[in-house]
Amino acid sequence: MRSSMLWRRLLPAEQGFVLQHFGAQQGGWLAQQVRLGLRRVGDTRRALCLNGGWLSFPRACYGGASLQAPLRLDHPAVAGLFAHELLHQLQRSQGLPVTRQAVALHARQLLPGWLGGRDPYAYRAGHSARARLRQFWQAQVEQQAQMWQDHVQALVAGRPDPAWAGVARAVQAGRLRRR
């Protein structure tokens, strides 16, 4: 089977989305590194981010349900999901152990009692830009990606929130941790 049937590079509209939300430096790097595929194994309703820049999305995320069609980035949920997985790639580029941390967080969610049961994506959004940025810098990998997803999803839905401004600047500068 040819590789083009399994994955593809970003299309121009997808590259534009990445540059718009991640800025020229981070977005330019991501647009060159990322490859898209169809999620065919496991829970095919969720996206998957693998080492090496491989992002796998459910068929419904693509226009016409085809890998050769662009992602439906005008749909807030799809745009947010794409942003979430792209942030994981940016985290990896900075040496964060995304896969190891995510597996541990999801396993802990399945545990009963005081050891687990926590949603790995849950966070409490601060009301000010400063509070959200501080929280973003302290968050684990899934919380960070969920925060970014919520921000981008709100933008695409036409409901921007100025309290995300600090997080947006940090992501575009590649500052996922306080320095």
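Mentor: The largest pocket holds about 510 Å³ of space. This is a predicted model, where local features need pLDDT of at least 70, side-chain atom pairs count only at pLDDT 80 or more, and totals for chains, interfaces and linings use all residues. Residues are numbered from 1 along each chain as its sequence is written, and side-chain values use heavy atoms, without hydrogens and water.

Trainee: What makes a set of points a pocket?

Mentor: On a 1 Å grid over the protein atoms alone, a pocket is an open set with protein on both sides within 12 Å along at least five of seven lines, and lining residues have an atom within 4 Å of a point. Here 23 residues line the largest pocket, with A47, L48, H106, Y121 and E142 the closest to its centre.

Trainee: How do you know that α3 reaches close to its expected span?

Mentor: The expected span is 1.5 Å times one less than the number of residues. With 13 residues, α3 is expected to reach 18 Å, and its first and last C-alpha are 19 Å apart.

Trainee: Why are the buried residues of α3 said to line one face?

Mentor: Buried means under 20% relative accessible area, exposed over 50%, partly exposed in between (1.4 Å probe, protein chains only). V98, A102 and L105 are buried. Down the helix axis, the buried residues of α3 fall within an arc of 65 degrees (taken from directions from the axis to the C-beta atoms), so they line one face. On the other side, R100, V103 and L110 are exposed.

Trainee: What makes α2 mostly covered?

Mentor: Of its 18 residues, 15 are buried, so by that cut-off α2 is mostly covered.

Note on methods. On a 1 Å grid over the protein atoms alone, a cavity is a set of points where a 1.4 Å probe fits but cannot get out, and a pocket is an open set with protein on both sides within 12 Å along at least five of seven lines; lining residues have an atom within 4 Å of a point. Grid points are joined across faces, edges and corners, and a volume is the space filled by probe spheres set on the points. Helices (H or I, at least four residues) and strands (E, at least two) are DSSP runs, numbered from the N terminus.
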